[in-house]
Amino acid sequence: MSKVKIALVGTGAFGIKHLDALKNIPEAEVVCLVSRSLESVESVAKKYNVPRYTTSFEEMLSMEDVDAVILCTPTQMHAEQTRQCLKAGKHVEVEIPLADNWEDAEDILNLQKESGLVAMVGHTRRFNPSHQWIKNKIDRGELNIQQMDVQTYFFRRENINALGEPRSWTDHLLWHHAAHTVDLFQYQTGSKVIKANAVQGPIHPELGIAMDMSIQLLTESGAICTLSLSFNNDGPLGTFFRYICDNGTYIARYDDLVNGYEEPIDVSEVDISMNGIELQDREFISAILEKREARSSVRNVIECYRVLADLEKQLV
């Protein structure tokens, strides 16, 4: 296999991010797009010169020349669609989160083991050059994390997506946004979370979700993490990571990194690209071609979902 032929499902904000990323990967070829909206999928297919498009997920799975599927669909569809891809013999990369409950996450892990296919989850923080720079120093024995202080802030009092367009589904602070930090904290420290606490604010009367949440984590190594999440923040948006280490303090803002005194750190040479989504997709393609496990495979991220399930029990 010289090129991996891909079907991308979901032409919303993150579907477009993946299409832009895949253009830069010579070993990837997008051969089909899938969306519930015929008008949307047709428009995006023409813009990105994708030869086929459909509104039928099942029709796409029946296409023999589709090697792999990238899922950029609503959270509530992730687990079942991932299962369907694996059962159809397709490698699959599903955007975060893998599932919104532990039972589905564990079931997919077992299914992936049986299939032998590449099943990867979009834990993009593992691939952002800013976080890779920190991980490289840890792996070289130059740094140890004492504490991570993380803020995940959005202003989303209405059900809209990253492009400011109406959503047909509801986002979730715990199973989606907290998943990034819970996974990254264990990945960077190389240590499992052994204690986790969570509290949440009032449930939004229309969206049916908590708009504010606070999480505390402790790993076997003794590192701690404090995570604050909000959909009520009227200010700078995004996720900001403060690494308090035994040898320096660092602040990561997506692909930018500064030290504790806000002095910039050059991370442009950390990897082949500065785009975390592109690096994530490159890993997916490489894992398929090299017939190996991906860095954010279902097995490698499964502990994140075990912790999320434990936290959810505290919020009931």
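Me: Strands (E, at least two residues) and helices (H or I, at least four) are DSSP runs, numbered from the N terminus. In which strand is the place of Thr249?

Reply: The model is a predicted one. Residues 248-253 form a strand, and Thr249 is among them. The strand that holds Thr249 is β12.

Me: Is Thr249 buried, exposed or partly exposed?

Reply: Buried means under 20% relative accessible area and exposed means over 50%, with partly exposed in between. The relative accessible area of Thr249 is 23%. Thr249 is therefore partly exposed.

Me: How far apart are the C-alpha atoms of Thr249 and Asn259?

Reply: Leaving aside neighbours within four places in sequence, Thr249 is in contact with Arg242, Tyr243, Ile244, Val258, Asn259 and Gly260. Along the chain, Thr249 and Asn259 are 10 residues apart. Their C-alpha atoms are separated by 5.7 Å.

Me: Which loop holds Tyr254, and what is its phi?

Reply: Tyr254 lies in the loop between β12 and β13 (256-259). At 34% relative accessibility, Tyr254 counts as partly exposed. Most residues other than glycine have a negative phi. Tyr254 has a positive phi, near 55°.

Me: Is Asn49 buried or exposed?

Reply: Asn49 also has a positive phi, near 55°. The place of Asn49 is in the loop between α2 (38-47) and β3 (52-54). Its relative accessibility is 67%, and the cut-off for exposed is over 50%. Asn49 therefore counts as exposed.

Me: Is the peptide bond from Ile96 to Pro97 cis or trans?

Reply: Pro97 is found in the loop between β5 (91-95) and α5. Most peptide bonds are trans. For the bond from Ile96 to Pro97, omega is near 5°. That peptide bond is cis.

Me: Is Gln112 buried or exposed?

Reply: Gln112 lies in helix α5. Leaving aside neighbours within four places in sequence, Gln112 is in contact with Leu86, Leu117 and Ala119. Its relative accessible area is 16%, and the cut-off for buried is under 20%. Gln112 is therefore buried.

Me: How far does helix α9 reach from its first C-alpha to its last?

Reply: Helix α9 covers residues 298-315, which is 18 residues. At 1.5 Å a residue, the expected reach is 26 Å. The reach in the model is close to that, at 25 Å.

Me: Are α5 and α9 roughly parallel or roughly antiparallel to each other?

Reply: The axes of α5 and α9 come within 9 Å and cross at roughly 165°. Angles over 145 degrees count as roughly antiparallel. α5 and α9 are therefore roughly antiparallel.

Me: Is the crossing of α5 past α9 left-handed or right-handed, and how many charged residues does the contact have?

Reply: α5 passes α9 in a left-handed crossing. The residues in contact are Trp102, Ala105, Glu106, Ile108 and Leu109 of α5, with Val298, Arg299, Ile302, Tyr305, Arg306 and Ala309 of α9. By class, eight are nonpolar and none is polar, and the number of charged residues is three.

Me: At what angle do α6 and α7 pack, and how many nonpolar residues does their contact have?

Reply: Helix α6 (residues 129-139) packs with α7 at about 30°, with the axes 9 Å apart. The two helices are therefore roughly parallel. From α6 the contact takes His131, Ile134, Lys135 and Ile138, and from α7 it takes Leu184, Tyr187 and Gln188. Two of these residues are polar, one is charged, and the number of nonpolar residues is four.

Me: Are α1 and α8 roughly parallel or roughly perpendicular to each other?

Reply: The axes of helix α1 (residues 13-22) and helix α8 (residues 276-290) come within 9 Å and cross at roughly 70°. Angles from 65 to 115 degrees count as roughly perpendicular. α1 and α8 are therefore roughly perpendicular.

Me: Which residues of α8 meet α1?

Reply: α1 passes α8 in a right-handed crossing. On the α1 side, the contact is made by Phe14, Lys17, His18, Ala21 and Leu22. On the α8 side are Ile277, Glu278, Gln280 and Asp281.

Technical notes. Residues are numbered from 1 along each chain as its sequence is written. This is a predicted model: local features need pLDDT of at least 70, side-chain atom pairs count only at pLDDT 80 or more; totals for chains, interfaces and linings use all residues. Side-chain values use heavy atoms; hydrogens and water are left out. The expected span of a helix is 1.5 Å times one less than its number of residues. Axes are lines fitted to C-alpha atoms, for helices over the stretch in contact, and angles run from 0 to 180 degrees between N-to-C directions. Angles under 35 degrees count as roughly parallel, over 145 as roughly antiparallel, 65 to 115 as roughly perpendicular and the rest as oblique. A crossing is left-handed if the near helix is turned anticlockwise from the far one by less than a right angle, and right-handed if clockwise. Contact means heavy atoms within 4.5 Å. Ala, Val, Leu, Ile, Met, Phe, Trp, Tyr, Cys and Pro count as nonpolar, Asp, Glu, Lys and Arg as charged, and the others, Gly among them, as polar. Buried means under 20% relative accessible area, exposed over 50%, partly exposed in between (1.4 Å probe, protein chains only).
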